[in-house]
Amino acid sequence: MQLQRYTRESLPAFMAVEVRKYERQFALKFDAFTYFSAETLGELHAPDLAEVLEASLALADTASIEAAADILSRVANSSKPSPEARREYLGALLEIYRSLPESPVPSDRDHETYFVGVEREGRILGEQLHWLGGERSMRVHAKRMRVNGGLLVGLAGAPAPRECKRLVIVDGAIASGATLIAIIDKLSCANVHIYSAHAALEGARALSRFAASRSMALRISAGFVTGGLNQRYYAHHEGRPVVGDLGDTIAELFLDA
């Protein structure tokens with residue numbers, strides 16, 4: 001599986017135009033880029049990966065998180081969530097993470113595990129749960145941009161760590177899988193464990209296929225899984241957003257923190 005990687009200097013001009021828009025919008029400066037064409041995404045998301053996916057995916061007990069998942073859906077499909085709805089949404093997310101069958105336990109004695117909180121929601125949730133491991137933690141910005149029917153992922157704050165044998169990533173939700181693949185590819189660790197409140201089946205397949213192609217050990221701990229992406233590669237089910245934009249929904253609660 002060949003990914004198209006670019007530096008700022010090698011980025012094609014038509015991609016650079018889109019990158020500048022995002023950098024102005026989010027006050028960021030990306031230092032690495034990975035492009036996923038529509039064809040590549042189609043290959044990554046294709047079905048018939050049951051055995052590999054089953055081995056890498058661990059889900060929360062459905063009954064224990066059903067009410068929390070309903071809250072995420074309700075708030076995600078409201079036009080303008082109130083502060084109270086945003087707090088309820090955050091509480092539901094934290095409940096789902098605490099219901100996962102596994103959780104990371106940062107240890108001062110483990111110097112070969114690195115922790116990534118994907119900005120914004122992964123970092124916020126990781127900090128709230130005390131899942132990020134001190135000096136070995138990275139707050140990585142990973143933004144996806146629509147380019148020529150595919151996705152261009154820009155990364156900022158993701159240097160390649162030394163002697164990284166295990167990588168723990170806290171993210172909000174997995175949709176296409178492209179941003180996480182870009183992060184994993186950049187950091188290049190042999191063992192990867194992802195924690196997420198929700199995963200689209202297509203994104204979980206993409207991550208499993210990528211890990212298999214790189215002989216990486218992959219584990220995905222997710223609250224629940226649904227099938228379906230819309231044309232913009234966001235998780236939709238029966239024509240409605242599943243969890244919406246987690247970062248937009250909860251970030252306002254921490255503006256004064």
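Predicted model: local features only at pLDDT ≥ 70, side-chain atom pairs only at ≥ 80, totals over all residues.
Over the ring of which residue does the charged end of Lys 143 sit?

Residues are numbered from 1 along each chain as its sequence is written, and side-chain values use heavy atoms, with hydrogens and water left out.

**View 1. The largest nonpolar core has 40 residues.** A nonpolar core is a set of buried Ala, Val, Leu, Ile, Met, Phe, Trp, Tyr and Cys residues joined through side-chain atoms within 4.5 Å. Buried means under 20% relative accessible area, exposed over 50%, and partly exposed in between (1.4 Å probe, protein chains only). Leu 167, Ile 169, Ile 194, Leu 207 and Ile 220 touch the most other members. Helix H7 (residues 178-187) gives the most to this core, namely seven residues; helices (H or I, at least four residues) and strands (E, at least two) are DSSP runs, numbered from the N terminus. Leaving aside residues up to four places away in sequence, the contacts of Leu 207 (heavy atoms within 4.5 Å) include Ile 174, Leu 180, Ile 184 and Leu 218.

**View 2. Helix H4 covers residues 62-76.** The buried residues of H4 are Ile 65, Ala 68, Ala 69, Ile 71, Leu 72 and Val 75. Among the elements that cover them are helix H5 (83-98), strand S10 (217-226) and helix H9 (246-251).

**View 3. Tyr 97, Trp 131 and Tyr 195 form one aromatic cluster.** Rings of Phe, Tyr and Trp (its six-membered ring) pair if their centres lie within 6.5 Å; planes under 30 degrees apart count as stacked, over 60 as edge-to-face and the rest as tilted. Tyr 97 and Trp 131 make an edge-to-face pair, at 5.9 Å centre to centre and 80° between the planes. Tyr 97 lies in helix H5 and Trp 131 in the loop between helix H6 (121-129) and strand S5 (137-147), so this pair ties together parts that are 34 residues apart in sequence. The ring centres of Trp 131 and Tyr 195 are 5.4 Å apart with planes at 55°, so that pair is tilted. Both Trp 131 and Tyr 195 are buried.

**View 4. The charged end of Lys 143 sits over the ring of Phe 26.** Its distance from the ring centre is 4.2 Å. A charge sits over a ring if NZ of Lys or CZ of Arg is within 6 Å of the ring centre and within 35 degrees of the ring normal. Arg 144 lies over the face of Tyr 234, 4.1 Å from the ring centre.

Methods: Expected span 1.5 Å × (residues − 1).
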